[in-house]
Amino acid sequence: GLKYGKWIQHWGDPLSGDISSALIYPQSYIKRVEKNIIKNADKVVYVSPFTAEVQKRNYPEFAEKLHFVPLACDQPTEQCPVISTTENGKLSAVYLGDYSSHIRNIMPLYNAVSKMKNIRLTIAGGTDLVLSNTDNITILPRVKQDKVKELESNASVIISVGNLSGTQIPGKLYYAASTQKTILVTVDGDNKEEMFKYLNSFNRFDVCSNTENSIKESLECILASGDKKFSTPARLLPKNVANDILA
């Protein structure tokens, strides 16, 4: 019964194919509900190009109005200081987010850093795993947003671990793109090669496979490269993302 000039739907995750969903309904029912939601929209926007392509195949009759626009970064913070090392001389890295073992595999990161004495890593988030603190890895449960910001502000490297399956891309890598932090993204699961190409197209992220050796090599390269100055990709600026959605 709502009156509107144009109905634009913005989907962070699809209703069908969402690997983090705990819905008990069969996919056939979920797709029917999803189809009924999107069919009357003038434009439907997904935040992953891979999700948009899958949805076009799922609903070919609506393909022309299904689009991809990336998430916007936080407001640019180019003045944010670069933090190279912690008090004890180790490069500080954080992984902040849930990591249930059926959604993403944190173990390659954990194992890689545990063998690197010049990296200090903090992992904070909900999980079904039981990980132990080590000399250079601190394990925390899910923390409040103000603690997340504190941990991020004191780190040089923000790490995002890719999902084991599905088409979704963790939103945190977009949000952090405006910071003066190195963002390491590990790629796993479906669309691996395409994911590499897509993420590298921003010329902002360090991208590697979600394997112990690949992560270790990437962190060593980050260590060797020293301080860097990062530029925010224009396509992720809030104004440009909003214009793309409204186009």
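Which residue in E5 is the bridge partner of Val94? The bridge partner of Val94 in E5 is Thr122.

## Basis of the model

This is a predicted model, in which local features need pLDDT of at least 70, side-chain atom pairs count only at pLDDT 80 or more, and totals for chains, interfaces and linings use all residues. Residues are numbered from 1 along each chain as its sequence is written, and side-chain values use heavy atoms, with hydrogens and water left out.

Helices (H or I, at least four residues) and strands (E, at least two) are DSSP runs, numbered from the N terminus. Buried means under 20% relative accessible area, exposed over 50%, and partly exposed in between (1.4 Å probe, protein chains only).

E5 pairs with strand E4 (residues 91-96) in the parallel sense over 6 bridges; two strands count as paired if DSSP finds at least two bridges between them. E5 also pairs with strand E6 (residues 137-140), again in the parallel sense, over 4 bridges. In E6, Ile137 is the bridge partner of Leu121.

## The β-α-β unit

E4, helix H3 (residues 107-114) and E5 form a right-handed β-α-β unit. A crossover is right-handed if, with the strands pointing away from the viewer, the path from the first strand over the helix to the second runs clockwise.

## Salt bridges

The structure holds 6 salt bridges, each defined as a side-chain nitrogen of Lys or Arg within 4 Å of a carboxyl oxygen of Asp or Glu. One of them joins the side chains of Glu61 and Lys35 at 3.0 Å, N to O. Glu61 lies in the loop between helix H2 (49-58) and strand E3 (66-68), and Lys35 in helix H1 (residues 27-38), so the pair ties together parts that are 26 residues apart in sequence. Glu61 is partly exposed at 46% relative accessibility, and Lys35 is partly exposed at 34%.

Within helix H2, Glu53 and Lys56 are 3 residues apart, about one turn of the helix, and their side chains meet in a salt bridge of 3.7 Å, N to O. Glu53 is partly exposed, with a relative accessible area of 40%, as is Lys56, with 27%.

The side chains of Glu212 and Lys115 form a salt bridge of 2.5 Å, N to O. Because Glu212 lies in helix H7 (residues 212-225) and Lys115 in the loop between H3 and E5, this pair ties together parts that are 97 residues apart in sequence. Glu212 is partly exposed at 24% relative accessibility, whereas Lys115 is exposed, with a relative accessible area of 53%.
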